[in-house]
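Good morning, everyone, and thank you for making time for this.

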Amino acid sequence: MELRHLGRTGLRVSRLGLGTLTWGRDTDEHDAADQLKEFWEAGGTLVDTADVYSDGEAEYILGQLMGGLVPRRELHIATKAGSVPDPDRRFDGSRGYLLGALDASLQRLNTEYVDLWQVHAFDPATPLDETLQALDIAVSSGRARYAGVSNFSGWQLAKAATWQLASPGAHTRLASTQMEYSLLQRGIEREVLPAALDLGLGILPSSPLGRGVLTGKYRHTTPADSRGASDQLAAFVAPYLDEEASRIVEAVSTAADGLATTPLHVALAWVRDRPGVTAPIVGARNAQQLRAALSVEALSLPEEICQALDDVSAPVHRYPDQDWSTL
């Protein structure tokens with residue numbers, strides 16, 4: 001699998017990442033082992049997880065598989081911290097909480113360091129410089145090799161990255177931002193993507209297949225074994241089952257027919273090769289699904305197909321997002 005630099009860092013990772021959101025819940029340790037082996041044998045290196053995935057079980061399973069099944073040195077492990085199970089405070093970006101969460105992650109992952117440690121979301125109740133101090137400490141102590149953020153808006157991302165570059169003292173430059181990005185969700189193109197491009201941060205798209213909808217599996221019905229039919233994830237899929245999404249899915253399916261490939265490959269290749277993208281994070285229920293996604297490596301979409309998909313899924317950009325000189 002082709003490798004790409006993570007933003008303006010020296011870290012090179014596979015241009016597809018393996019997601020572990022369902023590990024320990026819908027994906028047991030045996031299926032997880034099959035996925036990790038399939039991913040590694042295909043040349044994949046970037047494995048993304050978080051301390052809240054299945055209440056830590058995803059990290060634990062990954063930690064049990066590393067070393068015995070796949071050499072630790074051949075993987076780039078990315079995890080996140082900051083989400084908390086508290087209805088009154090969804091995110092905790094305080095220095096004490098984040099560093100404690102990192103130590104717990106390292107214990108579950110059975111490793112001395114993670115390659116990329118990410119703040120899961122912006123915490124408005126904590127001064128941003130305090131949150132960023134946790135990243136500095138994590139990297140300077142060797143517990144993390146690189147640092148990034150996730151789910152930051154455009155101004156939040158720009159403020160964080162600029163603080164790390166411009167404030168006095170030695171600070172860890174942000175390497176990446178992880179955001180939902182697909183043909184069904186192009187909201188980051190308004191301000192997050194321009195900020196990331198300007199600041200040299202790599203984009204790690206989550207849900208690159210529109211939460212599974214872009215595979216075409218929901219075109220006519222909701223499969224009983226799909227996320228859209230599960231108690232835990234039905235509400236997660238539902239926003240992308242509307243009329244507008246259906247129009248985009250049909251366009252993807254038409255493109256796939258014309259290229260003699262699958263809607264999954266078309267949708268994944270589109271986001272993989274967008275400007276600023278380092279590696280879409282692909283989550284699968286089993287190794288067979290993952291294998292289908294990994295086989296996209298040989299596909300590059302013709303420019304005409306990309307343009308057609310851009311047109312049919314184009315988000316509305318109005319004042320003052322970017323260029324408003326025509327108003």
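I would like to begin with helix α9, in which Pro-263, Leu-264, His-265, Val-266, Ala-267, Leu-268, Ala-269, Trp-270, Val-271 and Arg-272 are buried, where buried stands for under 20% relative accessible area, exposed for over 50%, and partly exposed for what is in between, with a 1.4 Å probe and protein chains only. That makes ten of its ten residues, so that the helix is mostly covered. Helices here are DSSP runs of H or I with at least four residues, strands are runs of E with at least two, and both are numbered from the N terminus.

Before I go further, a word on what we are looking at. This is a predicted model, in which local features need pLDDT of at least 70 and side-chain atom pairs count only at pLDDT 80 or more, while totals for chains, interfaces and linings use all residues. Residues are numbered from 1 along each chain as its sequence is written, and side-chain values use heavy atoms, with hydrogens and water left out.

What do the buried residues of α9 pack against? Their partners are the strands β1 (3–5), β9 (202–206) and β10 (281–282), together with the helices α8 (243–259), α10 (287–294) and α11 (303–313); contact here means heavy atoms within 4.5 Å. Within this helix sits Leu-268, which counts as buried because its relative accessibility is 0%. Leaving aside residues up to four places away in sequence, Leu-268 touches Leu-16, Pro-208, Leu-209, Pro-280, Val-282, Ala-293 and Val-296. One of these, Val-282, is 14 residues from Leu-268 in sequence, and their C-alpha atoms are 9.0 Å apart in space.

As a general point, nonpolar side chains in soluble globular proteins tend to be buried together.

Ser-176 is found in strand β8, residues 174–180, and counts as buried because its relative accessibility is 0%.

In α2, residues 57–65, the buried residues are Ala-58, Glu-59, Ile-61, Leu-62, Gly-63 and Leu-65, and they pack against α1 (29–41), β4 (46–48), β5 (76–81) and α3 (95–109). After α2 comes Gly-67, with a positive phi near 95°.

Which residues other than glycine have a positive phi? Asn-151 is one of them, with phi near 60°; it lies in the loop between β7 (144–150) and α5 (154–166) and, at 41% relative accessibility, counts as partly exposed. Ser-207 is another, with a phi of about 45°, and it lies in the loop between β9 and α7 (234–237).

Finally, the chain as a whole. There are eleven helices and ten strands, and buried residues make up 53% of the 327 residues. A compact globule of 327 residues would have a radius of gyration near 20 Å, and the 19 Å of this chain agrees with that; the radius is taken over C-alpha atoms, and the rule is 2.2 Å times the number of residues to the power 0.38. Along its principal axes the C-alpha trace spans about 55 × 55 × 40 Å. Among contacts with a separation of 6 or more, residues 24 or more positions apart account for 78%.
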